Amino acid sequence: MSNNKDTLFSQPITELGGFSFDKQVVEVFPDMIQRSVPGYSNIISTISHLTEQYHQPNSRLYDLGCSLGAATLAMRRGASKPGVEIIAVDNSEAMVERCQLHLSAFKADVPVEVRCEDISQTEIKDASVVVLNFTLQFIPSEQRQVLIDKIYKGMKSGGLLIVSEKFRFEDSDIHDVLDELHLDFKRANGYSELEISQKRSSLENVLVPDTIEQHKQRFATAGFAHSDIWFQCFNFGSLVAIKA
């Protein structure tokens, strides 16, 4: 995996466009994620454990918004039942190319199909585990329920959905406390004030977070009988929803 250091926002940028998952981001993505997302490695290793527990024989596992394939690899490590295949989807060509390389570097029995397409176009069928690892927050808000509904419909009974996200909080005082803890986390990981503020501006209308309650409501609306948060660190976390 590329270990290039993320310096994308270290110099003043006159025209800050919206954040996009292009070739430049691909080069520094592992470093960017580790230094920006608290608890990321815990989430990835737990995706492997949850896959182990919930994947069913002759079913499909989906990693929607797979980026470089960290969650895909975790699912592949956890999958051992017969007739299982993994479908990894991302709409960034640069990400998909690199993901393919990462997957080929490790030999495994579980077949993985990597697709470059918009996840709103992906057919979900016979799914026992579906992962949206920091993906939903980049989908336009009005399309999120439609996506969760589609996932629910394409899942087998007893199937598991894992959704990791950045959260916002209705209580502005709590929101500020957690936001400041996240900024301190980034400072402790070597990001400068300039990098933090430029990245924040570039993500402003691209990454739109929901509250934990909104996520749970969306799962319930789709038909999931059970859902809750299983991990939280500051304003980042992960939820699970189970189809009865």
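In what order do the strands of the open sheet stand? Seven strands form it, in the order β3-β2-β1-β4-β5-β7-β6, with mixed pairing; two strands pair if DSSP finds at least two bridges between them. Helices (H or I, at least four residues) and strands (E, at least two) are DSSP runs, numbered from the N terminus. This is a predicted model, in which local features need pLDDT of at least 70 and side-chain atom pairs count only at pLDDT 80 or more, while totals for chains, interfaces and linings use all residues. Residues are numbered from 1 along each chain as its sequence is written, and side-chain values use heavy atoms, leaving out hydrogens and water.

- At its edges are β3 and β6 (226-233), each of which pairs on one side only.
- Neighbouring strands of the sheet are turned by 15° against each other on average, direction ignored.

**Strand β4 and its neighbours**
- Seven of the seven residues of β4 (residues 127-133) are buried, so this strand is largely enclosed by the rest of the structure; buried means under 20% relative accessible area, exposed over 50%, and partly exposed in between (1.4 Å probe, protein chains only).
- Strand β1 (residues 60-64) runs parallel to β4 and is joined to it by four bridges, and Arg 60 stands opposite Ala 127.
- Six bridges join β4 to strand β5 (residues 155-166), also in parallel, and here Val 130 stands opposite Leu 161.
- Together, β4, helix α5 (residues 141-153) and β5 make a right-handed β-α-β unit: with the strands pointing away from the viewer, the path from the first strand over the helix to the second runs clockwise.

**Helix α4**
- Why does the span of α4 (residues 93-104) agree with its 12 residues? At 1.5 Å a residue they should span 16 Å, and the end C-alpha atoms are 17 Å apart; the expected span is 1.5 Å times one less than the number of residues.
- Among its buried residues are Met 95, Cys 99 and Leu 103.
- The buried residues of α4 pack against α1 (23-36), α3 (70-78), β2 (85-90) and β3 (112-116), where contact means heavy atoms within 4.5 Å.

**Two residues with positive phi**
- Asn 58 has a phi near 50°, a positive value in a residue other than glycine; Asn 58 sits in the loop between α2 (40-54) and β1 and is exposed, at 55% relative accessible area.
- Asp 126 has a phi near 50° and is not a glycine either; its place is the loop between β3 and β4, and at 39% relative accessibility Asp 126 is partly exposed.

Note on methods. Axes fitted to C-alpha atoms, helices over the stretch in contact; angles between N-to-C directions.
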